[in-house]
Amino acid sequence: MAELIVEIVALDRKVWTGAARLVRVRTTEGDIGIMPGHESMAGLLKPGEFAIDRVDGDRLRGTIDSGLISVDANRVTVVADSVSLDEQTRAA
């Protein structure tokens, strides 16, 4: 089964890198879900929540400030001014 390679980066640190089945973010064009095979794209992010369904079945959740997203060949990169992970996510 295909998977996404995801990298979440804040201006001051790398937040998370790993394999995922689905990435959900809020862009200036609306909410989007990215799955393996998604067409290449780049977009501006709006402040808000994001979620990543990891291949191990866990869900990573958090909030991001404004930033950008890039999708190319099953690789997703999110660069945001600031990123915070939900407390439950950190404990998992």
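## D53 and its partners

The side chain of D53 reaches the side chain of R24 through a polar contact of 3.5 Å, meaning a pair of N or O atoms within 3.5 Å; within protein, one must be able to donate a hydrogen and the other to accept it, and residues adjacent in sequence count only if both atoms are side-chain atoms. Another polar contact, of 2.6 Å, links the side chains of D53 and R59. You can find D53 in strand β5 (strands are DSSP runs of E, at least two residues, numbered from the N terminus).

Is D53 buried or exposed? D53 counts as buried because its relative accessible area is 10% (buried means under 20%, exposed over 50%, with a 1.4 Å probe and protein chains only).

## About the model

This is a predicted model, where local features need pLDDT of at least 70, side-chain atom pairs count only at pLDDT 80 or more, and totals for chains, interfaces and linings use all residues. Residues are numbered from 1 along each chain as its sequence is written, and side-chain values use heavy atoms, leaving out hydrogens and water.

## K14 on the outside

Now look at K14, in strand β2. K14 counts as exposed because its relative accessibility is 56%. Its side chain joins that of E7 in a polar contact of 3.3 Å. K14 and G62 are 48 residues apart in sequence, and their C-alpha atoms are 14 Å apart in space.

## I52 and its contacts

Not counting residues up to four places away in sequence, I52 touches V6, I8, W16, A20, L22, V23, D58, R59 and L60 (contact means heavy atoms within 4.5 Å).

Methods:
Helices (H or I, at least four residues) and strands (E, at least two) are DSSP runs, numbered from the N terminus.
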